[in-house]
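Q: I have a protein model open beside its sequence, and I would like to learn how to read it. Could we go through it together, feature by feature?

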Amino acid sequence: MYTIQYISIAVILGLVAYAFSRYKKGKLELSDLMAWEAFLIVFLIIALFPIRISQEIKELFGLGRGLDALFILMIGLTYILLFKLYLDIDKIEREITKLNREMAIRLKEIEDKIERKP
């Protein structure tokens, strides 16, 4: 086993512990915890068996080198993560817009009530 594998495993296990601590503090939802743990488990498996996995992926996709296969796999996982972030940001933007509309309507109702009082 190479030194970089030990470092990778230590970093991944640290990230697993960090994700669990965020979940226990209520700062991470269960679905997000499961997604992060799935990503980290994939990374852990790749860190444990990098050559074997890269060779399998290389043969599966017909690439020249195993390292290219790992780069392609990581780029694919990164795009999945970016897409999830995009969906989360889009959802938050819609919630903020809905909240602003509701507040504007309520503010207008309050202003109308104040004007009718005298």
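Predicted model: local features only at pLDDT ≥ 70, side-chain atom pairs only at ≥ 80, totals over all residues.

Q: How do I check the length of helix α4 against its number of residues?

A: The idea is to count 1.5 Å a residue, taking one less than the number of residues. Helix α4 covers residues 66-116, so its 51 residues should span 75 Å; the end C-alpha atoms are 76 Å apart, which agrees.

Q: What span should α2 have, and how far apart are its end C-alpha atoms?

A: With 19 residues, α2 should span 27 Å, and its end C-alpha atoms are 26 Å apart, so the two values agree.

Q: Which residues of α4 are buried, and which helices do they pack against?

A: Gly66, Ala69, Leu70 and Leu77 are the buried residues in α4. They pack against α2 (30-48) and α3 (50-61).

Q: Which residues are buried in α2, and what covers them?

A: In α2 the buried residues are Leu33, Glu37, Phe39, Leu40, Ile46 and Ala47. Their cover includes α1, α3 and α4.

**Reading a pocket**

Q: How much space lies in the largest pocket?

A: The general idea is that rolling a probe the size of a water molecule over the atoms shows where empty space is left. Here, the largest pocket holds about 270 Å³ of space. It is lined by 14 residues, and those closest to its centre are Ser8, Phe43, Ile46, Ala47 and Pro50.

Q: Which helices supply the lining of the largest pocket, and which one gives the largest share?

A: At least two lining residues come from each of α1 (3-24), α2, α3 and α4. The largest share is that of α1, with five residues.

Q: How many nonpolar, polar and charged residues are in that lining of the largest pocket?

A: The lining has 12 nonpolar residues, two polar ones and no charged ones.

**Reading salt bridges**

Q: How many salt bridges does the structure hold?

A: As a general idea, side chains of opposite charge can pair when their charged atoms come close. This structure holds five salt bridges. One of them joins the side chains of Lys84 and Asp32, at 3.1 Å from N to O. Lys84 belongs to helix α4 and Asp32 to helix α2, so this pair ties together parts that are 52 residues apart in sequence. Lys84 is partly exposed, at a relative accessible area of 30%. Look for Asp88 too: Asp32, Lys84 and Asp88 are linked in a network of salt bridges.

Q: How many residues apart in helix α4 are Asp90 and Arg94?

A: Asp90 and Arg94 are four residues apart in helix α4, about one turn of the helix. They form a salt bridge whose closest N and O atoms are 2.3 Å apart. Arg94 counts as exposed, with 54% relative accessibility.

Q: How far apart are N and O in the salt bridge of Lys108 and Asp112?

A: For Lys108 and Asp112 the distance from N to O is 3.7 Å. Being four residues apart in helix α4, Lys108 and Asp112 are separated by about one helical turn. Lys108 is partly exposed at 47% relative accessibility, and Asp112 is partly exposed with a relative accessible area of 24%.

Terms used
Residues numbered from 1 in each chain as written. Heavy atoms only, no water. Buried < 20%, exposed > 50% of the residue type's maximum accessible area, 1.4 Å probe, protein only. Contact = heavy atoms within 4.5 Å. 1 Å grid on protein atoms, 1.4 Å probe; cavity = no way out; pocket = protein on both sides within 12 Å on 5 of 7 lines; lining within 4 Å. Points joined across faces, edges and corners; volume = space filled by probe spheres on them. Nonpolar A, V, L, I, M, F, W, Y, C, P; charged D, E, K, R; others polar. Salt bridge = Lys/Arg side-chain N within 4 Å of Asp/Glu carboxyl O.
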